[in-house]
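Work through the exercises below with the sequence and the model in view. Each task is followed by a solution in steps.

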Amino acid sequence: MLRDNTDVCVPLPPRVGALQLASPVPAYLHTYYWWAYVHPHAVRVFERQWLANAILWGNYAKLRDAALDELGGDLGGRTLQVACAYGDLTARLCARMPASAATLDVIDVLPIQIENLRKKLPAGAPARLRAMDSSSLDMADATYDRALVFFLLHEQPEDIRRRTLAEVYRVVKPGGRIVIVDYALPRRMNPLRYLFRPVLAALEPFALDLWNSEVATWLPARAQRSLRKDTYFGGLYQKIVVEKA
């Protein structure tokens, strides 16, 4: 859920900064995801840890921890989280950062999501919240030591998804790591392969792209040479780890 970059400051606890967005919500978000991320009622409904877990068929904690463990246990340096997320992902990520010499940038196009995350973070969290388009990052090459993309790609049209991955790869330093967690095609024996397809088609139409194609399809060619994939819950979810050469 990511998008543009006009700066408006919002008061936050110490060490937490936020930039809000003045530009319109992208059309695809307004059309397909108003009910989940854009409308104020959506945030009030979906910002519940138990509900985030239920939506992921009881796998939220497992997928969250799998992503965080790939990033590491003591995250010094600079970390990028691409898109806010419901649940406690960002707070847990901040908890892995030492008291000094660590920063986290979280970007999202929706001011309402930035504000929601601001309220969840503890005082003194080493995080900066920025309104920014994930497909056109306002950051220099090789800025970050690592990046996390947690259940974002299935929300994006293919062209935005491809540009997002190219931009994330660009801003991570050589030797850095990119961790992606999202949907995947369930194995044939998994009943959700057949039962869940119409649900995704109706509510999250871009998600089936991740059933029909590998994430490597949208990554820069040079990133595909150092890619590792693990699957969870009968193949319904995947974790992609890219080591930047």
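**Exercise 1: a first pair**

Arg-92 and Asp-88 form a salt bridge, with 3.2 Å between the closest N and O atoms. The term means a side-chain nitrogen of Lys or Arg within 4 Å of a carboxyl oxygen of Asp or Glu. The model is predicted: local features need pLDDT of at least 70, side-chain atom pairs count only at pLDDT 80 or more, and totals for chains, interfaces and linings use all residues. Residues are numbered from 1 along each chain as its sequence is written, and side-chain values use heavy atoms, leaving out hydrogens and water.

Task: Classify Arg-92 and Asp-88 by accessibility.

Solution:
- Take the classes: buried is under 20% relative accessible area, exposed is over 50%, and partly exposed lies in between (1.4 Å probe, protein chains only).
- Arg-92 has 41% relative accessibility, so it is partly exposed.
- Asp-88 has 19%, so it is buried.

**Exercise 2: a pair across the chain**

Task: State where Arg-170 and Asp-141 lie in the chain.

Solution:
- The salt bridge between Arg-170 and Asp-141 has its closest N and O atoms 2.6 Å apart.
- Arg-170 is in helix α8 (residues 158–171), while Asp-141 is in the loop between β4 (127–131) and β5 (144–150); the pair is 29 residues apart and links distant parts of the chain.
- Helices (H or I, at least four residues) and strands (E, at least two) are DSSP runs, numbered from the N terminus.
- Arg-170 is partly exposed at 21%, and Asp-141 is exposed at 52%.

**Exercise 3: the total**

Task: How many salt bridges are there by this rule?

Solution:
- The count is 21 salt bridges.
- A network of salt bridges links Glu-70, Arg-177, Arg-228, Asp-230, Lys-239 and Glu-243.
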